[in-house]
Amino acid sequence: MIALSHINWQSPTGFALRDICLDIPVATYAVLMGATGCGKTSLLEILCGLRVPNSGKVLLGGHDVTHWEPRRRGIGYVPQDLALFPGRRVRDQIGFAPALRGAAAAEMATTVQRLASELGISHLLGRLPENLSGGEKQRVALARALAAEPRVLLLDEPLSALDESTRAVATHLLRDLQVSHALTVLHVTHSRTEAEALGQIRLRLDGGKIIHESQPGTPPALE
């Protein structure tokens, strides 16, 4: 589903991604680890179309999307800072993608209610981002990404700002969403515990290259 073919990219600050080749099968949960500043976020941005590689190809579902606009790629992206829209209430955050594609008001309302219920945030629909906890903001960002009906979900350090108890609940939530929506997920993290709990494929970015730490499989059952 996700394939990178000989991707090369040089950052203005000097680090580089070198000859990145990657293949993540459909409906697989992959986790990418690596040191701070090694290019993990840049790799996600290349996948979703926010950066263009110097060479190589990005393929999704067998289609070369290297030069497609982000909105055409069928990707949901949750950045590390979540990037919720200031001044917009939760219902408008979730309804952003349906509104962008011209959904009727009734369809948009149904999508918002369905995702809010699935993520346990129906009671938050009238709130602004500044009145949400870290865990609540994360769920809103996930709902907004899923409202675009993506085939692929990219997550940049999605659990890093959560406390231990909230992180455990969020880990279950991510696994459940991946299965129920049949998503192909690439999840960036520093945490080996996260990687082992969620990753059917575990990868490491080191020296600008991808190292496979595990092959496709079923992650251990969550307690």
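How many helices and strands are there in the protein chain? There are seven helices and 10 strands, and every view below comes from a predicted model.

**Figure 1. The overall fold of the protein chain.** Let us start with the whole molecule. Taken along the principal axes, the C-alpha atoms fill a box of roughly 45 × 40 × 30 Å. A compact globule of 223 residues would have a radius of gyration near 17 Å, and the protein chain agrees with this at 17 Å. Of its 223 residues, 48% count as buried. Among contacts with a separation of 6 or more, 66% join residues 24 or more positions apart. The protein chain exposes about 10400 Å², and carbon and sulfur atoms supply 52% of that area.

Figure 2. Helix α6 covers residues 164–180. At 1.5 Å a residue, its 17 residues should span 24 Å, and the 25 Å between its end C-alpha atoms agrees with that. Which residues of α6 are buried? They are A170, T171, L173, L174, R175, L177 and Q178. After α6 comes A182, which has a positive phi, near 50°.

**Figure 3. Cysteines without a disulfide partner.** If you are wondering about disulfides, a search of the whole structure finds zero. C21 is in no disulfide, and the nearest cysteine sulfur, that of C38, is 17 Å away. For a disulfide, the two sulfur atoms would have to lie within 2.5 Å. C38 is likewise in no disulfide; for this residue the nearest cysteine sulfur is that of C48, 17 Å away. Is C38 buried or exposed? With a relative accessibility of 15%, C38 counts as buried, whereas C21 is partly exposed at 34%.

**Figure 4. The salt bridge between E45 and R51.** The count of salt bridges comes to five, and this view shows one of them. The closest N and O atoms of E45 and R51 are 2.5 Å apart. E45 counts as buried at 16% relative accessibility, while R51 is partly exposed, with a relative accessible area of 30%.

**Figure 5. A salt bridge between two loops.** Here the side chains of E149 and R101 meet, at 3.6 Å from N to O. The pair links distant parts of the chain, 48 residues apart: E149 sits in the loop between α5 and β7, and R101 in the loop between α3 (96–100) and α4. E149 counts as exposed at 52% relative accessibility, and R101 is partly exposed at 40%.

**Figure 6. A salt-bridge network around R192.** Which residues are linked in a network of salt bridges? They are R192, R204 and E213. Within this group, R192 forms a salt bridge with E213, with their closest N and O atoms 3.1 Å apart. R192 lies in helix α7 and E213 in the segment after β10 (209–212), so the pair ties together parts that are 21 residues apart in sequence. R192 is partly exposed, with a relative accessible area of 35%, and E213 also counts as partly exposed, at 32% relative accessibility.

Notes. Residues numbered from 1 in each chain as written. Predicted model: local features only at pLDDT ≥ 70, side-chain atom pairs only at ≥ 80, totals over all residues. Heavy atoms only, no water. Buried < 20%, exposed > 50% of the residue type's maximum accessible area, 1.4 Å probe, protein only. Helix = DSSP H or I, 4+ residues; strand = E, 2+ residues; numbered from the N terminus. Expected span 1.5 Å × (residues − 1). Rg over C-alpha atoms; globule rule 2.2 N^0.38 Å. Contact = heavy atoms within 4.5 Å. Areas by Shrake-Rupley, 256 points an atom, 1.4 Å probe, with all protein chains shown as cover. Salt bridge = Lys/Arg side-chain N within 4 Å of Asp/Glu carboxyl O.
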